[in-house]
Amino acid sequence: MSVDDLPLAVLASRIRLEEKLLLAELDRRRIPYQLLDTRTTVFGPGHDFRFRGALTREIGHTRNLYATRLLEHAGVRVVNDSSILETCGDKLFTTLALEAAGLPVPRWMTTLTPQGALPALAGFGYPAVVKPVVGSWGRLAARLDGHDAAEAVLEHRDALPGPVNRITYVQQYIDKPGREIKAYVMGGETVGAIYKSSDEWRTNTKRGGVPSVCTPDHDLLKLLSATAEAIGDGVLGIDVLEDRSGGYYVNEVNHTPEFHGALEVLRVDLVGRYVDHVLSRVGRSGARERHRVPGRPRAAAARPPGLAAPGVRRRRPGAHRRRGRGPGALRRRGGPRMGPLPAGSEPGPRPADPAPEPHRDPSARPSGRVDPHRGGCRMSGNGLAMFGGPRAVPKDRVTKDRVGWPVITDAERQAVVGVLDSGQFTSNNPGAGQVQLLEREWAALVGTAHCAAVSNGTTALELALTAAGVEPGTEILVPALSFIASAVAPVHRLVVPVFVDIDPVTYTMDPRAAAAAITPRTSAILAVHLHGLPCDMAELRELADRHGLLLIEDAAQAHAAEYRGRRTGALGDVAAFSLNVVKNLPTCGEGGLVTTDDPDLYARLLRHRQFGEDLEGRGKRDYISHELAGNAKLSAVQAAFTRCQLGRLEEYHQARDRNVRALLDRLGALPGLRVPYCPDDRTHAWHILRFRFCAEGMGIEGATPGAVRAAVERVMRAEGVPLQQYQPVPLPQQKALVSREGFGGYPWRLRPGDYGPGEEHPNTLAVIEDSLTLQRWHLNPAAGPVLQDCAAAFEKVWAHLDQVAALARAMSPAPSEAVR
């Protein structure tokens, strides 16, 4: 067996997205590899490690360093090698190596105990940043603005276990322009760079930092090249700080860089370049070089970066610094903004050996990816944005006037100011207050005799249950797929939610499943018009009447939708709507509406809306509470805002229907993609658009439905389409409903029997597993052009399903056999 036939070892104990993408690239090139879990792998005599080389992606520093040195001892070349791990795995060692090379770093100091740092900080100066010498993602890093903050932080550090945690490494706080630079350098060459922007002083993307493209200038490229020369020939993530006067400082160097955030913005095939570098360093053939064991002598040229051999003069500190403003900072100046440096000034060594040509399937469709074997940044104009192509939905087309919601006009502004000028702020104004006007107008549109405005949609559900007389300890049927409020509202009234599976096409309650769930304790059915599509109300009405049950509509997402010619809100005994700011009929915050034809139920609604007081027909409030109730009134400001929105509801509904149907007409032709469905006997409010993905129909084999969904989500978001999950678990699997915390086990303690997530909701589980949603963008009546861009994005991704398939297989659970 030749070395080329041996597998590549991949060291990792946790397979994150970066590792999955790298493994997928190895699969694509038909390169065999073996996963080595550093937590369980045994090293030592008698354990033969026959590999062509190794790629380490272990995130635990100690295991990473030891495993790498053990493999090197066995004669395996590892990328990155142990000298890079040793230097980069400790922030102090990194600083020493950078400073020894004369590179600009933030001013620093260290003490070997926290006690010694506090008095030293008085001379060092505030603000300052204290960091652990080992660790990542900004954990345990703290900004010290003065003595009191320093004392508190250092006292905490002194209590941490382990001697390494007591080493106190302090850096000068650099006043940044709201961002840092992360550069990806491989073999001395800068492959790409991003800005990480954040309002917080820590800009890690793990902590919410927003990535954007950074085009390195001449001075930054030189600094990155010099940094790589000081650290070693490997794959490095270099963090660079800018001060507000234009200076650069090397902050940290990561030996196992993350790049999931960079993939969303960079038009560079980071994954392919990463694999290219690894293969060029481990070689395609030849002997397995036996690497130096730590502690044995080696040539000065191979000495750890920044540490000179005995008798060898080190480079003068500051030699790479450029004169200018700010101590020690490398200045930026005019120069080339893109592309390679002029001949003779390349920023670091080039790969010594050509990378192996990957296996290519002649029957595969063109992928449009960056070809890492041709150099530069040439790419197909229609390649996936995740792998370097242009976004299908340009950012400059996604503007507030096209996709912003709600649409706010001068009418809303004048209405709100009018309330402020009137001084009538509550729902207690008799006759013609804004709340009463909204109630009348909504009842007229829905087609019911009564409407009560309340504080929010969840409260609307609670009051509907209470006013209808649903008794504590009884059961209510609730669909297993819905927002948590559909279950929480009954629980607040001590009514037990019993979860029912959904129809896999409409996503609303399956009447047959509801019929099977009815018991002698059942008192009501909650019909949730999910995503804006009315339930099969004829079936549910017949079921409720047959068993003497209350039929309640949860119409929070279904304003203005119709079922057989009647509006939602007039289809059951009582209905609850939400006026949350993201709903089709929004207010400026929170609000709710309850509709009914029952005058007695309506009277109880009004009493429970305000402390059980009877306010009907009274000119003066008597403050007598006839029932135990709380306060759930809607303010006049919110009512005035919603009345303006109500005046445009029909217009917006029609425009949304046209825009969405035009989108779905295009997407319906894509294989394996199930678009939202609306039966002929009803209309859809299109509050949320849900798309299901069938791996078989998409031609994807060897990937789970969840992995296909996750792969599509990442690829589509890179194209600029913000697909996302709606409800990650069925309602019965929500932690709060399983643990029953918050009410001392009630209302379940009021009835015998077990309650748990169960497995009786297969349709709900399948829909959650294989679908994504589009939310809010399409609500704006002007969203048509952007939705057409979204359709083009779907079509583009479906033209590259081979790449989606590779990503999905990489994101699927690993098989039991790790060698491929």
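Visitor: How many cavities of 30 Å³ or more does the structure hold?

Guide: One. Keep in mind that this is a predicted model. About 60 Å³ of space lies in the largest cavity.

Visitor: Which residues line the largest cavity?

Guide: The lining is made of Val505, Thr506, Tyr507, His531, Leu533, Pro676, Tyr677, His684, Ile688 and Arg690.

Visitor: Is histidine 531 buried or exposed, and how do you know?

Guide: The cut-off for buried is under 20% relative accessible area. Histidine 531 has 2% relative accessibility, so it counts as buried. Histidine 531 sits in the loop between β18 and α16 (537-547).

Visitor: What is phi at histidine 531?

Guide: Phi is near 65 degrees there, a positive value in a residue other than glycine. Arginine 564 also has a positive phi, near 50 degrees, and is not a glycine either. Arginine 564 belongs to the loop between β20 (562-563) and β21 (566-567).

Visitor: Why is arginine 564 called exposed?

Guide: Exposed means over 50%. Arginine 564 has 54% relative accessibility, so it counts as exposed.

Visitor: Let us turn to the sheet. In what order do the seven strands of the open sheet come?

Guide: The order is β15-β23-β22-β19-β18-β16-β17, with mixed pairing.

Visitor: What makes β15 and β17 stand at the edges?

Guide: Count partners. β15 (450-454) and β17 (496-500) each have a single partner strand, so one side of each has no neighbour in the sheet. From one strand to the next, the twist averages 25 degrees.

Visitor: How do you know that β16 and β17 pair?

Guide: Two strands pair if there are at least two bridges between them. Strand β16 (residues 475-479) and β17 have five bridges, in the parallel sense. In one of them, proline 479 has valine 500 of β17 as its bridge partner.

Visitor: Which helix packs on the sheet and touches β15?

Guide: Helix α13 (residues 457-467). α13 also touches β16, β18 (522-528), β19 (550-554), β22 (574-578) and β23 (592-596). Its direction makes about 165 degrees with that of β22. Helix α14 (residues 485-492) lies across β16, β17, β18 and β19, at about 150 degrees to β17.

Visitor: Where is isoleucine 525, and is it buried or exposed?

Guide: Isoleucine 525 is in strand β18. Set the cut-off of under 20% for buried against its value. The relative accessible area of isoleucine 525 is 0%, so this residue is buried.

Visitor: Which residues does isoleucine 525 touch?

Guide: Leaving out residues up to four places away in sequence, isoleucine 525 touches Ile476, Leu477, Met509, Leu540, Leu543, Ala544, Leu549, Leu550, Leu551 and Ile552. Each contact means heavy atoms within 4.5 Å. Proline 497 is 28 residues from isoleucine 525 in sequence and 9.7 Å away in space, C-alpha to C-alpha.

Visitor: Now β3. What makes β3 and β4 a pair?

Guide: The requirement is at least two bridges. β3 and strand β4 (residues 78-79) have two, in the parallel sense. Alanine 54 has valine 78 in β4 as its bridge partner.

Visitor: Which way do the residues of β3 point?

Guide: Gly53 and Leu55 point one way from strand β3 (residues 53-56), Ala54 and Thr56 the other way, and all are buried.

Visitor: What kind of peptide bond joins tyrosine 126 and proline 127?

Guide: A cis bond, with omega about -5 degrees. Proline 127 lies in the loop between α5 (114-124) and β6 (128-131). The bond from tryptophan 405 to proline 406 is cis too, with omega near 0 degrees.

Visitor: What share of the chain counts as buried?

Guide: Of the 820 residues, 54%. The chain has 24 helices and 26 strands.

Notes:
Residues are numbered from 1 along each chain as its sequence is written. This is a predicted model: local features need pLDDT of at least 70, side-chain atom pairs count only at pLDDT 80 or more; totals for chains, interfaces and linings use all residues. Side-chain values use heavy atoms; hydrogens and water are left out. Helices (H or I, at least four residues) and strands (E, at least two) are DSSP runs, numbered from the N terminus. Axes are lines fitted to C-alpha atoms, for helices over the stretch in contact, and angles run from 0 to 180 degrees between N-to-C directions. Buried means under 20% relative accessible area, exposed over 50%, partly exposed in between (1.4 Å probe, protein chains only). On a 1 Å grid over the protein atoms alone, a cavity is a set of points where a 1.4 Å probe fits but cannot get out, and a pocket is an open set with protein on both sides within 12 Å along at least five of seven lines; lining residues have an atom within 4 Å of a point. Grid points are joined across faces, edges and corners, and a volume is the space filled by probe spheres set on the points.
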